[in-house]
Amino acid sequence: MTPPPVTATPAVEHGTVVGHAHGHAPKAGLSHFLSTYVFSKDHKVIGLQFLFSTLLWFLIGGLLALAVRWQVAWPWSDVPVIGKLFAQEGGQMSPEFYTMLFTMHASVMIFLVIIPILAGAFGNFLIPLMIGADDMAFPTLNMLSYWFMWPAFFFFGASFFVEGGAASGGWTSYPTLSTNPASSPASGMGQTMWLLGLTMVGVSSMLGSVNYMTTIILMRAPGMTMFRLPMTIWAMFITAILQAFALPVLTAAGFMQLSDRMLGTGFFSPEGNVVNNAIAGAGGGQPLLWQHLFWFYSHPAVYIMILPAMGMVSDILTVFARKPLFGYRPMVYSIAGIAGLGFIVWGHHMFMSGMNPALGITFMVSTMMIALPSAVKTFNWLGTLWGGKIQFTTSMLFALSFVSMFIIGGLSGIFMAATPVDIFIHDTYFIVAHFHYVLFAGTAMGVWAAIYFWFPKMFGRTMNEFWGKVHFFLTFIFLNGTFFTMHILGAVGFPRRLADAYHYETFHHLQPMNAFMTYCAIGMVATQVIFAANFIYSMFWGPLAGRNPWNANTLEWTAPSPPGHGNFDYQPIVHRGPYEYSVPGVEKDHLMQTDPPNAAAAAAAAAH
Amino acid sequence: MGKRLAGIFWSLLFLAVPVLGVATFAIAPAYDYWLPKDVSEHGASIDSLFYFILALTGVVFVVTEVLLFWFMWKYDAAKQKGEATYIQGSHTLEVVWTIIPAATLLFLAIYQMNAWADVKMRRPAMSPTVEVVGRQFEWRLRYPGRDGTLGTADDLFLVNDLHLPIDEDVLVQLKSMDVLHSFFLPNVRIKQDAVPGMKIPVWFKAREAGEFDIVCAELCGWGHYKMKGRVTFEPRAAFDAWLERKYAEQGATQPPPEAADVAAAE
Ligand code: HEM
Ligand SMILES: [Cu+2]
Ligand SMILES: [Cu+2]
C-alpha cells in the first residue's frame with residue numbers, strides 16, 4: 001500500500017469508517033454490538049467510554065458540591081429540591097450528612113473524574129493517535145482498565161445507600177476516624193466500600209499506566225523520536241511513570257486500613273485508643289503512618305491530576321497561536337522535574353500533623369523548589385503566545401484560562417509551603433482555594449479546552465463555537481466568584497469541613513461572603529447545562545469537521561475523523577517535530593509532522 | 001472588525017483577573033475579612049512572613065497576568081497582518097527565568113526557618129502549664145494543681161474553658177483520646193494536630209488579656225463543627241485566683257467523671 005499524497009486528504013470525510021487496517025469482516029447482531037461498543041478493545045472506544053462515564057460522575061460530584069455549599073452558606077436551613085429525599089428534620093441537613101457530602105464530593109471528583117478523565121479518556125484516545133500507532137500495546141488490558149472502574153463506580157455509588165451512609169472521614173481518610181467503626185456512623189460499611197472502590201480505581205490506573213508506558217516506548221511511528229513527541233504525550237508518559245511508582249503504596253496502605261478495620265490489626269491505631277468509650281483494635285500502631293503512606297501517593301497524584309492537562313494545553317496554545325512551543329526541551333524537563341520532586345514533598349501536607357518539625361523544614365525546601373518547574377512552564381507558555389497570531393476559539397480560551405488560573409494556584413502553593421504561614425492557614429479555606437484553582441480552574445478548564453479541541457476527532461463534528469464561548473465566559477466568571485474569595489476566608493482562618501462555623505466569634509461575620517460564593521457555585525453548575533446540550537447536539541448534528549479542522553500538525557489530524565479501527569489509512573511517517581507553525585518561507589502556515597521534507601522544500605521554492 | 005472586537009473583549013476579561021484579584025485583597029481588610037487579631041508574641045513574625053509572601057507573589061501575579069492580557073491584546077490574529085514569529089525558544093531567557101525564581105524560592109525557604117523553629121522546635125524548658133486532650137467533641141483540660149505536676153491526685157479537670165496567664169511562656173501538652181483533632185487558636189497563630197498515642201508540646205506567650213476561640217481544625221467526626229472551646233488570657237494574679245476558685249469548686253464535687261477517662265488516655 002503506498003501512502004496517498006498529503007494533498008489528497010479530503011477536507012470533509014463522508015464515509016466516516018475509513019481505516020480498515022485490520023480488515024474486519026462485518027459481524028452481525030448482538031455480539032458485534034457488544035464487541036464494538038461495550039467490550040471493545042479499540043483504544044478510541046475505551047477512551048470515549050471513560051469520557052462519558054467520568055462526565056456523568058462529574059455531574060454527580062458537582063451536585064454533591066452544591067449541597068456542600070448550601071450548608072456552608074445557610075447552615076441548618078431547608079435544602080431545596082433534594083431536601084425531602086433525605087429529610088430527617090424536615091428537609092434540613094444533618095452534620096453527619098454534610099460530612100459525608102464533602103467526603104464523597106472530593107472522592108468522586110478525584111478518583112472517578114479527574115484521574116480517569118485525563119489518563120483514561122484522553123490518554124487512551126490520544127496516545128496511539130498522536131504517536132502514529134494503530135492501537136495500544138495491550139488492548140485487552142486496556143479494556144480491563146475501563147471495566148475495573150465499574151466495581152469502583154458500584155462501591156462508591158452503592159455506599160450512599162448502606163447503613164450509616166457513605167464514607168465520612170474526608171477524602172484523606174485519616175485514622176483513627178476511618179479505622180474505628182465506633183468513631184462515626186459512616187465508619188462502618190461505607191468506609192469499607194470506599195476502600196474497596198479506591199483499590200479498584202488503583203487497579204484500573206495501574207493497567208492503564210503499564211499500557212501507556214509500553215505503547216509510548218515501543219509503538220511510535222517511524223521517525224517519531226522521543227523529542228518529536230507532542231507535549232501531550234510527554235505528559236501522559238511521565239504521568240504513567242508517576243502512577244506506576246506511587247500507586248502500589250496507596251494500594252498497600254488501603255489494604256492495611258482494611259485489615260485494621262476487618263481483621264483487628266493495629267497498623268494505624270496506638271495502644272489503648274478509646275473511641276466513644278470502646279477500646280479500639282489491637283493497638284501498637286501509629287496514625288501518622290497512614291498519613292505518610294497516603295500522601296506518598298496522593299502528592300504525586302495531584303500531579304497525575306494536572307500534568308496531562310498541562311501537556312494538552314501546551315499543544316492547544318501552539319495551534320491557536322500559530323507558533324512553535326517556546327522552549328520544548330525545558331518544557332519536557334520541567335515536567336520530569338515536577339515528577340521527580342513530586343516524590344519528596346509529601347510531608348508538606350503534614351506540617352501540623354505532629355511529624356518531627358525538623359522534617360518539616362526539609363519538606364519546606366523541597367516544596368518551594370517544586371514551584372520552580374511550574375514557574376518555568378508558565379513563562380514558556382507566555383513565551384509561546386508572544387509574537388503569535390492568536391485565534392480566540394473556545395478551546396483556546398479555555399487553554400488561556402488554564403494558564404491564567406494555574407498562576408493563581410501555583411502562587412498560593414508558596415504560602416502553604418512556608419511552614420510558619422501554614423501554621424495559620426493549614427486546614428482553612430486557603431487550602432480549599434489552592435486546590436480548586438489547580439484542579440478546577442486548572443485541570444477542569446484544561447479538560448474543556450481538550451474536549452472542544454479533540455471533539456472533531458472523536459465524533460467527526462465540531463461543537464458550536466458561540467455556545468462554547470458562552471459556556472466559557474460564564475464558567476470563568478462563576479468559578480472566580482466561587483473560588484477566589486476562598487483565599488480571603490482562609491486569611492481569616494475559616495476552617496474547612498465545618499458544618500457550621502458561625503458560632504465561632506472569629507468566623508461569625510463571614511456568612512454573607514459564603515452566601516455569595518454559593519450563588520456563584522449554583523451559577524457555575526447551571527452553566528454546564530449549556531455544555532451538555534452543546535456536546536450532545538454536536539455529536540449528532542454539529543457541522544462535519546474533516547480531518548484537520550484546526551490546521552494542526554500532530555499525527556491524529558492526518559487520520560479520518562473519526563478514525564476507524566486501526567486509526568490511520570496509511571502508515572504515518574514522521575519527518576519533524578510537532579510545532580512547525582508559521583515556518584518562514586513556507587506558504588501554508590503549518591507543516592504537519594507527516595508532510596514530506598521535499599514537499600516543504602517545494603512549498604518554500606514556490607513561495608519565492 | 002467583529003473579530004477584533006471579540007479579541008478586545010476576551011483580553012479585557014483576562015485583564016479583569018489581576019485587577020479584581022488585587023482589588024479583592026485590597027478591600028477585604030476594610031470589611032474585617034482579614035487576619036484576625038493577634039495577641040501572641042510570635043504571631044507578628046508569622047504575619048509579616050504572610051505579608052512578605054503576599055507582596056512577592058502579588059508582584060509575580062500581576063506581572064504574569066498582565067503579560068498574558070497584553071499578548072492576547074497585541075497578538076490577536078484579527079490585528080496581525082503578517083505571520084506569527086517563528087521562534088522556538090531562547091536559551092538565555094530559560095536560564096534567566098530558571099535561576100531567578102530558583103534563588104528567590106530558596107531564599108524564601110531559608111527565610112522561614114527561624115520563625116518555624118521558634119514556634120515548633122525551640123521548646124522552653126518548663127513543665128506543662130496545662131494538658132489539653134481532644135475527645136469527640138470537646139477539649140478536656142487538666143491543670144497540674146498545687147504541686148505543679150500533672151498526673152497527681154490534686155490535678156484540676158475542666159472542659160472547654162481554658163485559662164492561661166499572659167506575658168509568660170506557657171507550655172501545653174496536647175493529646176487525643178480517640179481520633180485526630182487540631183488545636184487551633186486563630187488569635188495566637190497556633191495550630192497543632194492532636195494525635196492518639198502522642199504527647200505533643202505546644203508553647204506560646206500571650207501579650208494581651210482577652211477571651212478567644214479554640215477551634216478544632218482537623219476533621220474528627222460528625223460533630224467536628226461544634227468542638228469549640230474558649231481561651232481566656234489574663235494577668236498572672238487573675239489567673240491564679242481563677243485556678244483557686246476552680247480548685248475549690250472541684251473539691252466540692254470530687255472526683256470528676258472525666259478523671260478516669262483522661263487517665264485511660266495516658
Ligand atoms: C506550585 C506548586 C505547588 C505547591 C508549592 C503546592 C503546595 C501545597 C501545600 C504546601 C499543600 C498543603 C497545604 C496544607 O494542607 O496546609 C498543598 C495542598 C494541596 N495541593 Fe498543592 N501545591 C502546588 C501545586 C499543586 C498542584 C499542581 C495541584 C493539583 C493539580 C495541587 C493540589 C493540591 C491539593 C489537592 C491539596 C490539598 C489536599 C488536601 O489537604 O485535601 N497542588 N499544596
Ligand atoms: Cu502536595
Ligand atoms: Cu474536630
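Student: What is the relative accessible area of A:His349, and does that make this residue buried, exposed or partly exposed?
Tutor: This is a predicted model, in which local features need pLDDT of at least 70 and side-chain atom pairs count only at pLDDT 80 or more, while totals for chains, interfaces and linings use all residues. Residues are numbered from 1 along each chain as its sequence is written, chains are lettered from A and ligands numbered from 1 in the order in which they are written, and side-chain values use heavy atoms, with hydrogens and water left out. Buried means under 20% relative accessible area, exposed over 50%, and partly exposed in between, with a 1.4 Å probe and protein chains only. For A:His349 the relative accessible area is 22%, which means partly exposed.

Student: Which residues coordinate the copper ion (ligand 2)?
Tutor: Donors are N, O and S atoms within 2.8 Å of the metal (3.2 Å for Na, K and Ca); water is not among the atoms, so sites may look incomplete. The donors of this ion follow the spacing H-x48-H-H along the chain. At 1.9 to 2.0 Å, the coordinating residues are A:His299 (ND1), A:His348 (NE2) and A:His349 (NE2).

Student: How many residues apart in sequence are the parts that A:His299 and A:His349 tie together?
Tutor: Both residues are donors to the copper ion (ligand 2). Helices (H or I, at least four residues) and strands (E, at least two) are DSSP runs, numbered from the N terminus. A:His299 lies in helix H8 (residues 287–304) of chain A, and A:His349 in the loop between helix H10 (328–341) and helix H11 (357–385) of chain A, so the separation of the parts they tie together is 50 residues.

Student: Is A:His299 buried or exposed?
Tutor: The relative accessible area of A:His299 is 3%. A:His299 is therefore buried.

Student: Which protein residue is the donor to the iron atom of ligand 1?
Tutor: This iron atom and the copper ion (ligand 2) are 4.6 Å apart. The protein supplies a single donor to the iron, an NE2 atom 2.1 Å away.

Student: What geometry does the site of the copper ion (ligand 3) have?
Tutor: Its donors are B:Cys216 (SG), B:Glu218 (O), B:Cys220 (SG) and B:His224 (ND1), at 2.0 to 2.7 Å. Four donors count as tetrahedral if all angles lie between 85 and 135 degrees; four count as square planar and six as octahedral if opposite donors are over 155 degrees apart and all others between 65 and 115; anything else is irregular. Ideal angles for four tetrahedral donors are 109.5 degrees. Here the angles among the four donor atoms run from 85 to 132°, and the site is tetrahedral.

Student: Which residue in S10(B) is the bridge partner of B:Ile214?
Tutor: Strand S10 (residues 229–234) of chain B pairs with S4(B) in the parallel sense over five bridges. Strand S9 (residues 210–216) of chain B is joined to S10(B) by five bridges and runs antiparallel to it. The partner of B:Ile214 in S10(B) is B:Gly229.

Student: How many of the six residues of S10(B) are buried?
Tutor: In a regular strand the side chains alternate between the two faces of the sheet. In S10(B), B:Gly229, B:Val231 and B:Phe233 are buried on one side, and B:Arg230, B:Thr232 and B:Glu234 on the other. The number of buried residues in S10(B) is six.

Technical notes
Pairing = 2+ DSSP bridges.
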